[in-house]
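Subject: Structure handover

Hello,

Here is the structure I promised to pass on. Please open it first, then read the notes below it.

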Amino acid sequence: MAEAWYEGLPDDALKTETDKIYEKAEATIREGLGRGLDFDAACADIGVEDAGVRQDIIDDMLKVLIGEEHFAKEVPLDEMSKKLKVPVARLQEAKTAMLEDVKNSSIKAFYKSLGHGNA
């Protein structure tokens, strides 16, 4: 059988530069949290120069942690707040934004399934 065109490519060959930046930042944040740093201190080491991209990564990572801890493991936001040293209000805002993202994605997927393209 012939070798597929992608065999032998590096694991990250098909990832965008943004994907690579996000993955590296996520690993850095998780490593910092694993060392006992609070969320903002762990985020300080991500080394992303672009302020907009940096803020997007931080916001998205907070949503990921809420998904993993609050939704999947049912850890209350007040407990997450203490562990991450992030105000509960900030976690609640991120949770609300996360649910809004899910709602908007669901609406777009629904309209796309009807053949309406971009909603």
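Let me start with the largest pocket. Its lining has 13 residues, and Leu 33, Leu 65, Glu 69, Lys 83 and Leu 84 are the ones nearest the centre. A pocket here is found on a 1 Å grid over the protein atoms alone: it is an open set of points where a 1.4 Å probe fits, with protein on both sides within 12 Å along at least five of seven lines. Lining residues have an atom within 4 Å of a point.

This is a predicted model, in which local features need pLDDT of at least 70, side-chain atom pairs count only at pLDDT 80 or more, and totals for chains, interfaces and linings use all residues. Residues are numbered from 1 along each chain as its sequence is written, and side-chain values use heavy atoms, with hydrogens and water left out.

**The pocket**

The largest pocket holds about 230 Å³ of space. That volume is the space filled by probe spheres set on the grid points, which are joined across faces, edges and corners. Three helices each supply at least two lining residues: helix 1 (17-34), helix 3 (51-72) and helix 4 (77-84). Helix 4 gives the most, with 4 residues. Helices are DSSP runs of H or I, at least four residues long, and strands are runs of E, at least two long; both are numbered from the N terminus. By class, the lining has 6 nonpolar, 2 polar and 5 charged residues. Nonpolar covers Ala, Val, Leu, Ile, Met, Phe, Trp, Tyr, Cys and Pro; charged covers Asp, Glu, Lys and Arg; polar covers the others, Gly among them.

**The fold and its confidence**

The protein has 5 helices and 0 strands. From the N terminus on, the order is α-α-α-α-α. Of its 119 residues, 24% count as buried. Buried means under 20% relative accessible area, exposed means over 50%, and partly exposed lies in between (1.4 Å probe, protein chains only). Contacts are heavy atoms within 4.5 Å. Among contacts with a separation of 6 or more, 44% join residues 24 or more positions apart.

Mean pLDDT, the predictor's confidence in each residue from 0 to 100, is 90 for the protein. A value of 70 or more is reached by 88% of the residues. Confidence is lowest in helix 1, at a mean of 94, and highest in helix 4, at 98.

**Salt bridges**

Side chains of opposite charge can pair when their charged atoms come close. How many salt bridges does a search of the whole structure find? The search gives 8. Each is a side-chain nitrogen of Lys or Arg within 4 Å of a carboxyl oxygen of Asp or Glu.

Lys 15 pairs with Glu 23, with the closest N and O atoms 2.9 Å apart. Lys 15 is partly exposed at 31% relative accessibility, and Glu 23 is partly exposed at 41%. Arg 35 pairs with Glu 31, with 2.6 Å between the closest N and O atoms. Glu 31 is partly exposed too, at 40%.

Lys 63 pairs with Asp 101, the closest N and O atoms being 2.7 Å apart. Lys 63 lies in helix 3 and Asp 101 in helix 5 (residues 88-113), so this pair ties together parts 38 residues apart in sequence. Lys 63 is buried, at 15% relative accessible area, whereas Asp 101 is partly exposed at 37%.

Leaving out residues up to four places away in sequence, Lys 63 touches Ala 94, Ala 97, Met 98 and Asp 101.

**Loops and one more pair**

Which phi does Glu 74 have? The angle is positive, about 60 degrees, although Glu 74 is not a glycine. Glu 74 sits in the loop between helix 3 and helix 4 and is exposed at 65%. Lys 85, also not a glycine, has a positive phi of about 55 degrees. Lys 85 is in the loop between helix 4 and helix 5 and is exposed at 57%.

Last, look at Asp 40 in helix 2 (residues 39-43). Asp 40 is partly exposed, at 38%.

Best wishes
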